[in-house]
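Please read them with the structure open.

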Amino acid sequence: MSLIDERSSGAPERRPGAPSRHGRPAAELADTGGSRSATEPNGGIAAALLAAGIGCAAFGVLVVLAEASGAVKDALTVSEGAGPLSGKGLGATVLWAVAWAVLHATLRNRELPWRPVARTTTALIAVGLVATFPPVFQLFAH
Amino acid sequence: MNLLSGGEFFLLLHLGLGIAFIHGFAGGIATLVDRTTTRLAETRLKARVRAASTLLMAAALWGAVISGTWLVYPGYRAEPPEGAATAAYPKADLLANEDLAFWHDFGMEWKEHVAWLTPFLATSVAFVAIRYGRRVSSDKLIRSSLIRLFTVAALASVVAAGLGAAINKVAPNLFLDL
């Protein structure tokens with residue numbers, strides 16, 4: 001099962017400006033939490049979700065690499081107290097932030113089909129979940 | 001008078017962030033799932049609650065992984081000096097006992113790693129809820145995607161918190177007094 005709803009995107013449930021059964025435009029009745037337009041492209045949303053997936057997958061890959069290589073584990077030991085977990089967390093956070101910035105700049109003005117976004121995000125999150133499960137990453141122990 | 005040691009304070013901070021996470025998740029998921037938009041005042045309130053709740057959950061999860069990794073975890077994984085008793089060194093104590101080693105090899109290894117996935121997921125949900133609130137309200141596919149990400153983040157947090165509670169019960173806690 002996909003973590004993300006894959007049906008193709010995007011049409012708002014009510015046409016913006018269409019009168020509701022209460023006689024007021026739907027946009028007026030819809031939530032108003034900090035958004036700019038009911039028809040704003042979904043590219044910025046896709047960028048945020050894909051970046052979250054990239055952060056999860058990057059952390060999972062770092063966990064496996066640290067398990068497989070003593071050199072990587074040493075390199076990831078940013079803090080002696082916290083050990084390699086400190087470098088895994090910092091590394092994944094940097095990759096997530098950079099990926100998000102690049103994706104947001106690239107996609108924010110585009111309306112994307114939701115299925116590829118959903119499938120890619122689901123796959124990336126799955127990589128993170130599987131790679132952080134001990135019986136899996138301990139298979140790579142050097 | 002010393003009410004708390006440093007270790008106890010850090011653990012309480014870590015646990016307090018877990019409580020904040022639960023409140024953030026409750027408010028966030030309730031306002032993402034609820035689609036009733038009958039009165040403007042109610043929907044504005046709902047959007048504000050959703051924004052505040054998702055932001056609270058993201059902030060709490062960042063706080064939990066940062067405090068857990070850099071403030072609590074070093075005390076757990078500290079190596080005992082040569083010949084010292086392991087009572088103040090939880091990781092060493094668990095690994096020294098064959099019956100309890102599972103709680104480090106599986107329990108702590110899963111907890112410390114799966115927890116780090118949660119702030120990425122929760123932050124993306126909070127950003128979208130705040131920045132694209134109207135699209136979230138009107139587009140059920142996007143709202144459905146956010147609900148799933150938010151739920152995965154919450155379930156992973158529950159796994160981490162549950163394992164932490166179990167390990168805290170099984171392993172000695174003398175390191176908190178240091």
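**Notes on chains A and B**

1. Of the 142 residues in chain A, 41% count as buried. The model is a predicted one, and the values here are computed from it.

2. Chain A contains six helices and zero strands. Read from the N terminus, its elements follow the order α-α-α-α-α-α.

3. Contacts in chain A between residues at least 6 apart in sequence can be sorted by separation: 73% of them join residues at least 24 apart.

4. One helix pair in chain A is α2 (residues 43–68) with α4 (residues 84–107), whose axes come within 8 Å and cross at roughly 155°. Angles over 145 degrees count as roughly antiparallel, and α2(A) and α4(A) are therefore roughly antiparallel to each other. Their crossing is right-handed. By class, the residues in the contact of α2(A) with α4(A) are 19 nonpolar, five polar and one charged.

5. In chain B, helix α1 (residues 6–33) packs with helix α7 (residues 140–170) at an angle of about 160°, the axes being 10 Å apart. That angle makes α1(B) roughly antiparallel to α7(B). The crossing of α1(B) and α7(B) is left-handed.

6. Which residues make the contact between α1(B) and α7(B)? From α1(B) come G18(B), F21(B), F25(B), G28(B), I29(B), L32(B) and V33(B). From α7(B) come R143(B), L146(B), I147(B), F150(B), A154(B), S157(B) and A161(B). Sorted by class, this contact of α1(B) with α7(B) has 10 nonpolar, three polar and one charged residues.

Note on methods:
Residues numbered from 1 in each chain as written. Chains lettered and ligands numbered in written order. Predicted model: local features only at pLDDT ≥ 70, side-chain atom pairs only at ≥ 80, totals over all residues. Axes fitted to C-alpha atoms, helices over the stretch in contact; angles between N-to-C directions. Helix = DSSP H or I, 4+ residues; strand = E, 2+ residues; numbered from the N terminus. Parallel < 35°, antiparallel > 145°, perpendicular 65-115°, else oblique. Left-handed = near helix turned anticlockwise from the far one by under 90°. Contact = placed C-beta atoms within 7 Å. Nonpolar A, V, L, I, M, F, W, Y, C, P; charged D, E, K, R; others polar. Buried ≥ 20, exposed ≤ 12 C-beta atoms within 10 Å, placed from the backbone.
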